[in-house]
Amino acid sequence: MNAPAKRPPLPTVADVENAAKCLRGIAVQTPLLENRFLNEKLGGRLLIKAEPLQVTGSFKFRGAYNRISRLDAEERKRGIVAFSSGNHAQAAAWAARLCGAPAVIVMPSDAPAIKIANTRAYGAEVVLYDRYKEDREAIGRRYCDERGMTLVPPFNDPFIISGQGTIGLEIAAQCAERDIVPDAVLAPASGGGLISGVALAIKDRLPGTEVYCAEPDQFDDIDLSLKAGRIVSHAGKGNTFCDALMAPHPGDITFGVMSANLAGAVSATDAEVETAIATAFHYFKLVVEPGGAAALASVLNGKVPCANRTVIAVASGGNVDSALYSAIISRTPPV
């Protein structure tokens, strides 16, 4: 009987700082946006970290480039394989292209068309699968075995987590420039790569600030896992249009970081996410995809209160089909 695979050491803030050096001049240092009129309506101070303005349209580029750029010459020659509903797919495809590595990206056939098209445009070979009947990890492993490719996972990897954590370093530096000490920082979460990295940086730089993850309603595997003290699956209890936030459970590495650093997990319904999308457009002129708006939605619905406080929400991505986005904006009023 084979022994279980040993978990790599959990990443630290030093790894996040190293990732920041790797990404300097490659990734965008995205702005921290604020609207005083919205603040008046909320009775507090809300700031948005605008990752839709990141390379490939989401935070995922940070982790993908930090991981792929570490490959040696032979590994780059053989290439990488990744599986994703879209944002990690695009990020891995473009990062691989920048690093001179071929890429195979395994994507669900019902992923937003813009994400599939962009991934192909970045030069990757796209392999579509049925997310309800097929195992994307098994498909990815097959390409690793057959072609000797390196798997670049979407979240459960120290380099991925550290790359995403550079968002937290930027938030802390931007707050220092403006004499802001936030009460809370929150970010959308699926497998937990983004919020794990952000938490490492925020708890180091702003130790008094609470850090939360935001999940779609009924896709609350991180909340369940934190409360149980072990990894728990959400078991697909419902449906959500937040396609980027549908991982069934956190990874062992991300859970290890989250359980040590998060104040908790909150959630938002699809209707609340639509309001957040409309609010981001109306007040910030920022295009945010459904999954990318979960943190903002969780502030607007009061799960992380903003009144008489300062709260920072990460808007994690903006890769949304134009038809869906137009429909949301036309039918949904902002707060």
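**Entry 1, ground rules.** I am working with a predicted model, in which local features need pLDDT of at least 70, side-chain atom pairs count only at pLDDT 80 or more, and totals for chains, interfaces and linings use all residues. Residues are numbered from 1 along each chain as its sequence is written, and side-chain values use heavy atoms, with hydrogens and water left out.

I looked up the secondary structure and found 14 helices and 10 strands, taken as DSSP runs numbered from the N terminus (helices are H or I with at least four residues, strands E with at least two). The radius of gyration of the chain is 19 Å, close to the 20 Å of the globule rule for 335 residues, so the chain is as compact as a globular protein of that length; the radius is taken over C-alpha atoms, and the rule is 2.2 Å times the number of residues to the power 0.38. The C-alpha trace spans about 60 × 40 × 40 Å along its principal axes.

I then turned to the second largest pocket, which is lined by 15 residues, with Ala20, Arg24, Gln29, Thr166 and Glu170 nearest its centre. A pocket here is an open set of points on a 1 Å grid over the protein atoms alone where a 1.4 Å probe fits, with protein on both sides within 12 Å along at least five of seven lines, and lining residues have an atom within 4 Å of a point. Which helix gives the largest share of the lining? I noted that α8 does, with six residues.
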